[in-house]
Amino acid sequence: MTINKIPGLKFLFFLTVFSFAVTTINAQEVEGNLNIHTFADNREYAKSERFSQTIFGIRFSPEIGLLLDSTHRIRVGFNALHEFGSPKFTNKIDPVVYYEYRKKDWNFYMGVFPRHKLLSDFPRAVLTDTFNYYRPNVEGMLLKYENANWRQLLFIDWTSRQTATDRENFIFGLSGSYKKDVFFISHYAMMLHNAGPAIDIPGDHIQDNGAAAVKVGVDLSGRTFLDSLTINTGGLMSFERVRSIGGWRTPKGLLLEAQLEYRRFGITNSFYTGEAHNITYGDQFYTAKTYNRTDLTWRPRIYKGIEGQFTLSFHFLEGVIDSQQAFGIRYNITGSKSLKGK
């Protein structure tokens, strides 16, 4: 029996080698991070004939790494998913291995790194929030620039490596915003490149599918009796084509959104009207020409380092009302130890 035949032993062996290397590298600090995310998302979409499902499970993601200096960081770990009711100990284990560069307003990531708090602000129409449950990591690169007024981000996420039978897929995109006083403008864009396997499939063609959104609004947080208040409007456009078959299809529509929160209770209303979209990694409700979503949220105070949120959502489209109930708790523990002598 060899180490290569037992994934758990492979990881333990790798972690042992890495821990030994920690003591030989001239680093400033050893860092650790433990993230636990448990979630329940009940999606009752039968009336509109969308895909109903219950997503119920827990993710466990430890990391250990080196802060080489104030600029360079290396992390290794894994992200394990267990879906409740499954007979398996874990349904999937994803590696976490990445390098981070951080200096002043710049951040650069390369490797396999968590998408949480990096890409989680994308509108659901452009990039579905289901990724947070089933694809928690970005596998590729991400560059971010951020200061008091500006924020700009570029990324590429390789979602499928080409083999004789597997397709080549990757997502690339960008987002950004500018804020001055209460006014802001933000933009988001994503493109999926869906190429074929190495062995050609007769009649198969390369596909491109993506979306872009622009929002202009005001952020009145702290200027009213409410804890937060934002109002924005903008546009949504998707673009898709099947190469060598036809040209680009580019449906468009109008977005309106208002969000407020008072004492950890919030209301968000998102309205869309325009042409129907077919966005592969976008929210399925935007296949409707008119769609309104209302979210009622509560963020309970639990404990330091523990975030919780309950959301009751109503989806109004095509003359029916679907509903959704989601509750999640995220527990994040971080720590570090200096390797430098006093």
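Student: How many helices and strands does the secondary structure of the protein chain come to?

Tutor: This is a predicted model, in which local features need pLDDT of at least 70, side-chain atom pairs count only at pLDDT 80 or more, and totals for chains, interfaces and linings use all residues. Residues are numbered from 1 along each chain as its sequence is written, and side-chain values use heavy atoms, without hydrogens and water. Helices (H or I, at least four residues) and strands (E, at least two) are DSSP runs, numbered from the N terminus. The protein chain has two helices and 16 strands.

Student: Which kind of aromatic pair do Tyr45 and Phe285 form?

Tutor: Rings of Phe, Tyr and Trp (its six-membered ring) pair if their centres lie within 6.5 Å; planes under 30 degrees apart count as stacked, over 60 as edge-to-face and the rest as tilted. A search of the whole structure finds 20 aromatic pairs. For Tyr45 and Phe285, the centres are 4.7 Å apart and the planes are at 75 degrees, and the pair is edge-to-face.

Student: How many residues apart in sequence are the parts that this pair ties together?

Tutor: Tyr45 lies in the loop between strand 1 (29-44) and strand 2 (53-67). Phe285 lies in the loop between strand 13 (265-274) and strand 14 (290-298), so the pair ties together parts whose separation in sequence is 240 residues.

Student: Does Phe285 count as buried or exposed?

Tutor: Buried means under 20% relative accessible area, exposed over 50%, and partly exposed in between (1.4 Å probe, protein chains only). Because its relative accessibility is 0%, Phe285 counts as buried.
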